[in-house]
Amino acid sequence: MTNKTPNGLIGLVELPQLKLSDPDGNDFYSLRKWEPIVSKQILLSSLEAGGFKTRFINLRDGDYEENYGRIAWKGIELTKNYVGVEIESVDPESCEVWCITINFTLYREIAMMVLKHLASKGKPVVVGGSDPFADPQLYLRNGASVVVKDKSGAANWHLFNYLLGKGSKEALTGVVLADGTQYPNSKKPLHPEEWPLPSLDVAKQCLGTQYWMDPFPEHLKPIGSIFPDIGCDRKCDFCQTPTYGTGYRRMSPQRVLEWLDIQRQAGAKSVVSVSDQFLGRVIFPDGRQEVLEIMKGLREMGLTVLWPNGLELRKMTLGRGRNYESTDLTPDEELIDALYHWDGQKGTLAGGLPAERPVFGREAYAKLLPWQQHKRIVKTIVQAGIPMIVYHMIIGLPDDDDESMLRLEEALWEIYDEVKAINPSMVFQVSPFVISPILGTAQGEIIRKSGLLRFDDPAIFAGFWTASVDTKHLSYEQVSDWQFRLAGVGDSKNLQVPQRFRTLPDEAKNADKTAVSV
C-alpha cells in the first residue's frame, strides 16, 4: 500500500483483529474479519457528503499475524496477537489525514500501534470512538493530533476542513487538540435523521458475510448494517452511552427504511441493527407505531434482521418500559411478533436478550423485569418464531458468591428448558459476560476505587471473557470458573462463541444443575 494519492485524501482505517490465545491454542475471541462495517459506513457517508475525498483501509481483511505481547492470567500465559493486514504495510504518507476509531478498550494496544505508525511521517491522525472519548489525553500523548468528543458527527466537516487547511480553528466543536485545547460540543448535536445516506459504493464496501453463527446461512449473505438511533433513555452505571451528551435521538421510520433500501440495493440479504436502544422510541406517543412501520417495511423488502445488542425486554410490555409500581408488564404480543417473527426463510434470524441479571442482582438494573414476568416475555419472543437467541448476562458483581451463582445457574436451566419446550429446534445460548471497569462509567470508577481490580492490561480487564475483578466473596479466578460453567448452559456449541468456551472442562459440562433451589 505505497501509492501516492491526490491532495486532500482522508484515510479511514479499520483496526486489525485481536487474537488472545492460551497455550493450547484456544482463542478467547473468535476472529470475525468478515463482519459488516458499521461505524465507518456512517463516517464515510458523512465525509463524502461534505465533499471530502476518502480512502477506506480495512486492516481486518488479511491473514497476517503478529505477536505484540504476553500476560499471565489464572496461572497460564496468554499470547496477544493482531490478525489481518500488516500495519507496517500501510504507507503513512499515502493520505494527508488519517482517521481511526476505537470503540472497545480491548483494542487499545492495537490502536496505539496503528496510531504511532500512521503518525510517524507527520501526517495528522484523528482518533474517535468510545475509548478515546473517555481518556483523550492517552491518545494525544501517543501521537494523535485530534480526539473527537462529539459522538453525533457534528464535529466532522469543520474538523477535516481545518486539518486540510480549508477552515479555521474558530469553527471547531467537540474536539481536543494535541496542544490540549478543548472545543466544546456543538449546542445542537447532529440528529441521526441528518446523517447522509451512504452511496451504493460505500454500502457495498461495508457489507459482510459473517455474524455470530458459523456458518452463516448462505441465502442471507451478504450482510448489511444500520444504526437507526443514538443515545439511550436509561442511565445504567455499566454503560458509557448516557455520558455522550446527545440525549436519545432516533431516525424516523422513513429514514430507517431509506437506509435499509440502500443496503438492499447494495446486495444485502440481511442487516445487523446495532443501536444501543432501538426500542427507546416506544416511550414517545407514536413510537410503538414507528416500530411496527419499520418492521413491516423491512419485511416487505425481503430483508432479515439481527439484533446483536439486544432489545430492552421491559419496553416490550404494555407499560412501554416505565418503572412505576403500577406499570403493566403484560407482553405486547403484536410488538413482539413484529420484532421477532421468522417464517423459516426470512424475518428475524437472531437476537441478543439483555437479561443482565434476571435473578439475584436484578436490583442493580432499573430496566429489568421480575423473574416471572421476564420469563413470560422471553417465552412470547420464542413463540414469534425466532430461531436463535443469545441470552446476555453479567456476572462478577461485588456481592456475587458461590450460592448466588448456583441459584443463577438453576434459573438459567429453568428458562432454557421452558424455551425448548416451546421450540425444540431453537438455538438458545447463554453468554455470561464478566463485569468490566469500562472507562468513563460509574461502575468503572467504583471498581477501580474498590481495590478489587486485579489487572490493568486492556486485553484482560476490557475483555468480557477474561475475568479481572474479584468480588467480596470470590477471586477473579473463581469468577472465571463460574463463567466457564455458565457458558455451558444451553446450546453453547451452536453459535460462534469464543473457542475457549467450546472446550469446556468436563466438570463444567457435567455440573449438577439443581444444586440449590431458587
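Thr 304 counts as buried, because its relative accessibility is 0%, below the 20% limit for that class. The model is predicted. Thr 304 sits in strand β15, and β15 belongs to an open sheet of 6 strands.

**Around Thr 304**

- The side chain of Thr 304 comes to 3.3 Å from the backbone nitrogen of Gly 347.
- Beyond residues up to four places away in sequence, Thr 304 touches Leu 220, Lys 269, Ser 270 and Val 271, among others.
- Further contacts of Thr 304 include Leu 298, Trp 342, Gln 345, Lys 346, Gly 347 and Leu 349.

**The sheet**

- Strands of a sheet pair through backbone hydrogen bonds, in a parallel or an antiparallel way.
- Here the pairing is parallel, and the strand order is β11-β14-β15-β16-β17-β18.
- The edges are β11 (223-226) and β18 (427-434), each of which pairs on one side only.
- On average, neighbouring strands of this sheet are turned by 25° against each other, direction ignored.
- β11 pairs with β14 (residues 270-273) over 4 bridges, in the parallel sense.
- Ser 225 stands opposite Val 272 of β14.
- Helix α8 (residues 287-300) packs on the sheet and touches β14, β15 (304-307) and β16 (348-356).
- The direction of α8 makes about 130° with that of β15.

**The nonpolar cores**

- Nonpolar side chains tend to be buried together in soluble globular proteins.
- The largest nonpolar core of this model has 107 residues.
- Tyr 139, Met 316, Leu 339, Tyr 340, Ile 381 and Tyr 391 touch the most other members of that core.
- Helix α11 (residues 402-422) gives the most to this core, with 9 residues.
- Leaving aside neighbours within four places in sequence, Leu 339 is in contact with Phe 278, Leu 279, Val 291, Met 295 and Arg 299, among others.
- Contacts of Leu 339 also include Trp 307, Leu 311, Met 316 and Thr 348.
- A second, separate core has 23 residues, including Leu 43, Leu 164, Tyr 183 and Cys 206.

**Helix α1**

- Helix α1 (residues 39-49) is mostly covered, with 8 of its 11 residues buried.
- Its buried residues are Lys 40, Gln 41, Ile 42, Leu 43, Leu 44, Ser 45, Ser 46 and Leu 47.
- Leu 43 of this buried set is also one of the members of the second core.

Note on methods: Residues numbered from 1 in each chain as written. Predicted model: local features only at pLDDT ≥ 70, side-chain atom pairs only at ≥ 80, totals over all residues. Heavy atoms only, no water. Pairing = 2+ DSSP bridges. Helix = DSSP H or I, 4+ residues; strand = E, 2+ residues; numbered from the N terminus. Axes fitted to C-alpha atoms, helices over the stretch in contact; angles between N-to-C directions. Contact = heavy atoms within 4.5 Å. Buried < 20%, exposed > 50% of the residue type's maximum accessible area, 1.4 Å probe, protein only. Polar contact = N/O pair within 3.5 Å; in protein donor to acceptor, adjacent residues only side chain to side chain. Core = buried A, V, L, I, M, F, W, Y, C linked by side-chain atoms within 4.5 Å.
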